[in-house]
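Dear colleague,

Please find below the structure that I am handing over to you. A summary of the findings follows it.

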Amino acid sequence: AGRKPVLAVGEGLGRLMGVLLPLMPTVNLTALCHFFRKTGFSIGRPAMDAIKADVAPSLHRGEYFGYYQIAFRVGDITFPVIGTYLYATYLNSYFNVGGLVLPGYSLPYILSSALGLIGLVSVLLLVSPRGEEIQLTRG
C-alpha cells in the first residue's frame, strides 16, 4: 500500500478529530474523540518516520532527524502560549464559517488542525519516498 496512504489516513483522522474535539457536547464524546485523535496520530507516526528515513541521505540522516525534532519541539513550546492567548481572547465569541457557527474557544484547535493539514498535504504532494516515483512538473 505504501507509506503515504497510511500517513494520510492516520494524520487525517488525527487532524479531523482535532477540529471536532472542542465541539463535543459531553465528556464521554470528548474522550472518544480524543481517543480517535491519538489513534490516528499513532497510525501515521511510523509512516512519517519511514518517509523521513527515505528522504534523508544516509550520511546526514541523524542531522535531518534532528532538524525535524527541533521544528516539532518549537511548535510544542510556542503553540500552547499562542493557543492559550487565542482561547482567552475569543472565549465568549462566535464565528460564522459558511453558515456554521463555531464557538471562539474552538479557534486554537481549528488553527492547529489546519496547520497540520497543510503540512500533511505538503508531504503528500511534494515528498517522494524511496520506491515511489513522483514526477513534479513546473507550470
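What span should the 20 residues of helix α4 (residues 107–126) have, and how far apart are its end C-alpha atoms? Please note first that this is a predicted model. At 1.5 Å a residue, helix α4 should span 28 Å, and the distance between its end C-alpha atoms is 28 Å, which agrees.

The buried residues of α4 are Pro-108, Ser-113, Gly-116, Leu-120 and Val-123. Viewed down the helix axis, they fall within an arc of 120 degrees, so they line one face of α4. These buried residues pack against α1 (3–20), α2 and α3 (61–90). On the other side of α4, by contrast, Ile-118, Leu-125 and Leu-126 are exposed.

Helix α2 (residues 27–55) contains Asp-54. Is Asp-54 buried or exposed? Its relative accessibility is 13%, and residues under 20% count as buried, so Asp-54 is classed as buried. The side chain of Asp-54 also makes a polar contact with the side chain of Arg-3, at 3.3 Å.

The model also contains a hairpin, formed by β1 and β2. Strand β1 (residues 94–97) pairs with strand β2 (residues 100–103) in the antiparallel sense, over four bridges. Within this pairing, Tyr-94 stands opposite Pro-103 in β2. Two residues lie between the strands, and Gly-98 in the hairpin adopts a positive phi near 60 degrees.

Yours sincerely

Notes
Residues numbered from 1 in each chain as written. Predicted model: local features only at pLDDT ≥ 70, side-chain atom pairs only at ≥ 80, totals over all residues. Heavy atoms only, no water. Buried < 20%, exposed > 50% of the residue type's maximum accessible area, 1.4 Å probe, protein only. Polar contact = N/O pair within 3.5 Å; in protein donor to acceptor, adjacent residues only side chain to side chain. Expected span 1.5 Å × (residues − 1). Arc of directions from axis to C-beta. Contact = heavy atoms within 4.5 Å. Pairing = 2+ DSSP bridges.
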